[in-house]
Amino acid sequence: MWFSLTICTGSIAILVLVIRTMRAKLDAHLKRLTKEQNAIEEKYLFTKRRNKELKAEIAALQNALTLISHNIHSTASSLEKDAAAEDDTLLISRHMLTKGLLTVEQNENALKKMETLNMDFLGTCLALGYIDLDKARGVVKSLNLHQSPLFAEK
Amino acid sequence: MDHTTYMLLALVFFVEVAVLILQQQNYSDTIRKKTGAVEALKKRLGERIENLEQENERLSEQIDALKNEIEAGER
């Protein structure tokens, strides 16, 4: 009787031991799989985050590029405006000299004072009293200077 | 040992074997399910990761080109 009881107890102990070993193996396997799962999820999240960062960087760079191109255009257009204004000045000065509205001395003086007074050529001549308003309007009309403030005036 | 004792020992042995088989099946099932889930995730996310990596490469090239353009513009 005692012998059979001992065998039963021994076999149950072995059974428990085997089940524990199996459980430990299962846990190790599950742990490895979970680690693999986490690794791939992390990689995905990292790649996604990197993608977002790159997109944001591209947007910032495009903004910077737009600003730079705007600056270039505005510089170019201001240069063009300056050149046009210079052309108008020369045109008006030549016209007034030819028509005898100004003397050479007055012309040179007006050209010099333009920057100081911060006015256009006709305005400077008016301010210096070389010509009157009617003559200025006549010049504007004969040269067809649309951009001049005197062009619209009657 | 008499006949009854033998019978009892045989019964205990069969019960233990049955328990072991059930445990083994249960564990195998758990592992199979988990492996399947991980493989599916790998496949699904693997494709996305590959696409994202390709896009990232393209975006990096675009960034380089933009930087060059900006440098040229600043000069």
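This is a predicted model: local features need pLDDT of at least 70, side-chain atom pairs count only at pLDDT 80 or more; totals for chains, interfaces and linings use all residues.
Residues are numbered from 1 along each chain as its sequence is written, and chains are lettered from A and ligands numbered from 1 in the order in which they are written.

Chain A holds 5 helices and 0 strands, so that its elements, read from the N terminus, run α-α-α-α-α. Helices (H or I, at least four residues) and strands (E, at least two) are DSSP runs, numbered from the N terminus. Chain B has 1 helix and 0 strands. Of the 154 residues of chain A, 8% count as buried, and in chain B buried residues make up 1% of 75. A residue is buried if 20 or more other C-beta atoms lie within 10 Å of its own, exposed if 12 or fewer, and partly exposed in between, with C-beta atoms placed from the backbone. Among the contacts in chain A with a separation of 6 or more, 36% are between residues 24 or more positions apart. Two residues are in contact if their C-beta atoms, placed from the backbone, lie within 7 Å.

The contact of the two chains takes 33 residues from chain A and 36 residues from chain B. On the chain B side, 18 of the residues are nonpolar, 9 polar and 9 charged. In this classing, Ala, Val, Leu, Ile, Met, Phe, Trp, Tyr, Cys and Pro count as nonpolar, Asp, Glu, Lys and Arg as charged, and the others, Gly among them, as polar. Leu15(A) counts as partly exposed because it has 18 C-beta neighbours inside 10 Å. Ile58(A) is also placed in helix α1. Not counting residues up to four places away in sequence, Ile58(A) touches Leu59(B), Gln62(B), Ile63(B) and Leu66(B). Ile58(A) has 16 C-beta neighbours inside 10 Å and therefore counts as partly exposed.

Next come helices α2 (residues 104-117) and α3 (residues 121-128) of chain A, whose axes come within 9 Å and cross at roughly 95°. That makes α2(A) roughly perpendicular to α3(A). Axes are lines fitted to C-alpha atoms, for helices over the stretch in contact, and angles run from 0 to 180 degrees between N-to-C directions. Angles under 35 degrees count as roughly parallel, over 145 as roughly antiparallel, 65 to 115 as roughly perpendicular and the rest as oblique. From α2(A), the residues Ala110(A), Lys113(A), Met114(A) and Leu117(A) meet Phe121(A), Thr124(A), Cys125(A), Ala127(A) and Leu128(A) of α3(A). By class, this contact has 7 nonpolar, 1 polar and 1 charged residues.

Met114(A), in helix α2, touches Met119(A), Phe121(A) and Thr124(A), not counting residues up to four places away in sequence. The C-alpha atoms of Met114(A) and Thr124(A) are separated by 5.9 Å, although the two are 10 residues apart along the chain. Met114(A) counts as partly exposed because it has 18 C-beta neighbours inside 10 Å.

In α3(A), the residues Phe121(A), Leu122(A), Thr124(A) and Cys125(A) are buried. They cover an arc of only 160° around the axis, which puts them on the same side of α3(A). The arc is that of the directions from the helix axis to the C-beta atoms. Gly129(A) follows α3(A) and has a positive phi, near 80°.

Helix α4 (residues 133-143) of chain A has Ala136(A), Val139(A) and Val140(A) as its buried residues. Their arc around the axis is only 95°, which puts them on the same side of α4(A). The face turned away from this buried side carries the exposed residues Asp134(A), Lys141(A) and Ser142(A). Asn144(A) follows α4(A), with a positive phi near 55°.

The largest nonpolar core has 10 residues, namely Ile92(A), Met96(A), Leu102(A), Ala110(A), Phe121(A), Leu122(A), Cys125(A), Ala136(A), Val139(A) and Val140(A). Helices α1 (2-99), α3 and α4 of chain A each supply at least two residues of this core. Such a core is a set of buried Ala, Val, Leu, Ile, Met, Phe, Trp, Tyr and Cys residues joined through C-beta atoms within 7 Å. Leaving aside neighbours within four places in sequence, Leu102(A) is in contact with Met96(A), Leu97(A), Asn107(A), Cys125(A) and Tyr130(A).
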